[in-house]
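Please consult the sequence and the model while reading.

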Amino acid sequence: MMAALSETFPVAGYYSRPLPAAAAAPLRARPLQQRRRAGAKGARGAAGAARRVGAPRSMGLLERTRKEWFILGIVLVIAVAKLEPAVGVKGGPLKPEITITYIAVSAIFFNSGLSLKTEELTSALMHVKLHLFVQIFTLVFFPTAIWLFLQVLSVTPINEWLLKGLQTVGCMPPPVSSAVILTKAVGGNEAAAIFNSAFGSFLLGSSSSVPFTSIFSQLFMTVVVPLIIGQIVRRHIKDWLERKKPPFGAISSCVLLMIIYTTFCDTFSNPNIDLDKFSLIIIVFIIFFVQLSFMLLTFLFSTRNNSGFTPADTVAIIFCSTHKSLTLGIPMLKIVFSGYEHLSLISVPLLIYHPAQILLGSVLVPTIKSWMVSRQKALKLTRQPKAPVKV
């Protein structure tokens, strides 16, 4: 019976009569042939799938490299600076005292003038609460907190002149360029960063022993003039800018890589940092601890309920409140501590703090940007009006 059933096939729910053996033989062989063909197709499909899996892996690596190009660039420029620091030091072939101090910084603010809308700049000038927060944190809270911290460190065997250098770091004004570039790289309130960086440098620099005329002229020529020119040019090519959307962030990031390179060239070639390894490691650890702690504090203060700050404001606050200027700091140290035999030791913390703040801020850019974008999306969702419920 089983043999008879195997030689029949269903038609509309019924079985036909048994077929002759000659006619049934091809039907018995057909499943085997089909299985062979299916196996060949499966092998070809598996090979194709393997090729398709390999392609996404290579594409994923390339995409990852494109996404993290800035971090890779930081590692590369630091390695190049370590191998040949003489190229990027002051007075070297690149002439950073001109190309960086004037040309690069002017390019940063011209770029900002092109990318920022005039109403954004106007709005930033009127954001008094943000400006007060940054300036009070920079000029009051920061030096006071460092002084209290140093009272604890004074009982340790750390060199007392290095500790004095840490105290001077706390009293330094914010830098003009690095805080603005990092804020722009994240996508924060760039206009507020520009105002607070320039105003803090002008305010503290003019109240110190550094010549007022040189500070004012440098800030005016490298910040105010390029910013105004950028705004004027923007008015004439506004439609083109909105249509093409040039990569302003990538341009600023490339300039920042140049600043990082020349900064580390100066750091690696500076004989003043030739300390014993223990003191150097301790002071580096303390500086990174101070920076991370203050960045966290500014983040917590500016994101608390009813703070009145947007996520973009928080980004500007984080960088402007915790960065310190090397350009104004070194002349101030040379004037205030003129004649001190330990001037080189006093300047070491500032010489380390400056590249450390750029390096740490650059590494944290993707993390802060991810937080800001997700926070902005969450706030946008909460502000959307709820649809009325139909009864």
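Q: Are helix 4 and helix 8 roughly parallel or oblique to each other?
A: In this predicted model, helix 4 (residues 96-115) and helix 8 (residues 178-186) pack with their axes 11 Å apart and at an angle of about 40°. Angles under 35 degrees would count as roughly parallel. The two helices, helix 4 and helix 8, are therefore oblique to each other.

Q: Which residues of helix 8 make the contact with helix 4?
A: Helix 4 passes helix 8 in a left-handed crossing. On the side of helix 4, the contact involves Ile108, Phe109, Asn111, Ser112 and Ser115. On the side of helix 8, the residues are Val180, Ile181 and Lys184.

Q: Is lysine 184 buried or exposed?
A: Lysine 184 is found in helix 8. Leaving aside residues up to four places away in sequence, lysine 184 touches Asn111, Ser115, Glu190, Phe248, Gly249 and Ser252. Because its relative accessibility is 12%, and buried means under 20%, lysine 184 counts as buried.

Q: How many helices are there in the chain?
A: The chain has 391 residues, of which 41% count as buried. Among contacts between residues at least 6 apart in sequence, 80% join residues at least 24 apart. Besides two strands, the number of helices in the chain is 16.

Q: Is helix 3 roughly parallel or roughly antiparallel to helix 16?
A: Helix 3 (residues 69-83) and helix 16 (residues 343-383) have axes 9 Å apart and pack at an angle of about 155°. Because angles over 145 degrees count as roughly antiparallel, this angle settles the matter. The orientation of helix 3 to helix 16 is roughly antiparallel.

Q: Which residues of helix 16 make the contact with helix 3?
A: Helix 3 contributes Phe70, Ile71, Ile74 and Ile78 to the contact. Helix 16 contributes Leu359, Ser362 and Val363.

Q: In a left-handed or a right-handed crossing, how does helix 13 pass helix 14?
A: Helix 13 and helix 14 pack at an angle of about 145°, with their axes 9 Å apart. Residues of helix 13 in the contact include Phe294, Met295 and Phe299, while those of helix 14 include Ile317, Ile318 and Phe319. The crossing of helix 13 and helix 14 is right-handed.

Q: Where does asparagine 306 lie?
A: Asparagine 306 has a positive phi, near 60°, although it is a residue other than glycine. Most residues other than glycine have a negative phi. Asparagine 306 is exposed, with a relative accessible area of 79%. Its place is the loop between helix 13 and helix 14.

Q: What type of aromatic pair do phenylalanine 133 and phenylalanine 309 form?
A: A search of the whole structure finds nine aromatic pairs. In the pair of phenylalanine 133 and phenylalanine 309, the ring centres lie 5.7 Å apart and the planes are at 70°. Because planes over 60 degrees apart count as edge-to-face, the pair of phenylalanine 133 and phenylalanine 309 is edge-to-face.

Q: How many residues apart are phenylalanine 133 and phenylalanine 309?
A: Phenylalanine 133 belongs to helix 6 (residues 128-153), whereas phenylalanine 309 is in the loop between helix 13 (277-303) and helix 14 (311-322). Phenylalanine 133 counts as buried at 18% relative accessibility, and phenylalanine 309 counts as buried at 12%. The pair links distant parts of the chain, and its separation is 176 residues.

Q: Which residue has its charged end over the ring of phenylalanine 309?
A: Phenylalanine 309 belongs to a cluster linked by ring pairs, together with Phe133, Phe137, Phe141, Phe142 and Phe294. A charged end also sits over the ring of phenylalanine 309, 5.5 Å from its centre. The residue that supplies this charged end is lysine 129.

Q: Is lysine 245 buried or exposed?
A: Lysine 245 has a positive phi of about 50° although it is not a glycine. Its place is in the loop between helix 11 (238-244) and helix 12 (248-269). Because its relative accessible area is 62%, and exposed means over 50%, lysine 245 is exposed.

Terms used: Residues are numbered from 1 along each chain as its sequence is written. This is a predicted model: local features need pLDDT of at least 70, side-chain atom pairs count only at pLDDT 80 or more; totals for chains, interfaces and linings use all residues. Side-chain values use heavy atoms; hydrogens and water are left out. Rings of Phe, Tyr and Trp (its six-membered ring) pair if their centres lie within 6.5 Å; planes under 30 degrees apart count as stacked, over 60 as edge-to-face and the rest as tilted. Helices (H or I, at least four residues) and strands (E, at least two) are DSSP runs, numbered from the N terminus. Buried means under 20% relative accessible area, exposed over 50%, partly exposed in between (1.4 Å probe, protein chains only). A charge sits over a ring if NZ of Lys or CZ of Arg is within 6 Å of the ring centre and within 35 degrees of the ring normal. Axes are lines fitted to C-alpha atoms, for helices over the stretch in contact, and angles run from 0 to 180 degrees between N-to-C directions. Angles under 35 degrees count as roughly parallel, over 145 as roughly antiparallel, 65 to 115 as roughly perpendicular and the rest as oblique. A crossing is left-handed if the near helix is turned anticlockwise from the far one by less than a right angle, and right-handed if clockwise. Contact means heavy atoms within 4.5 Å.
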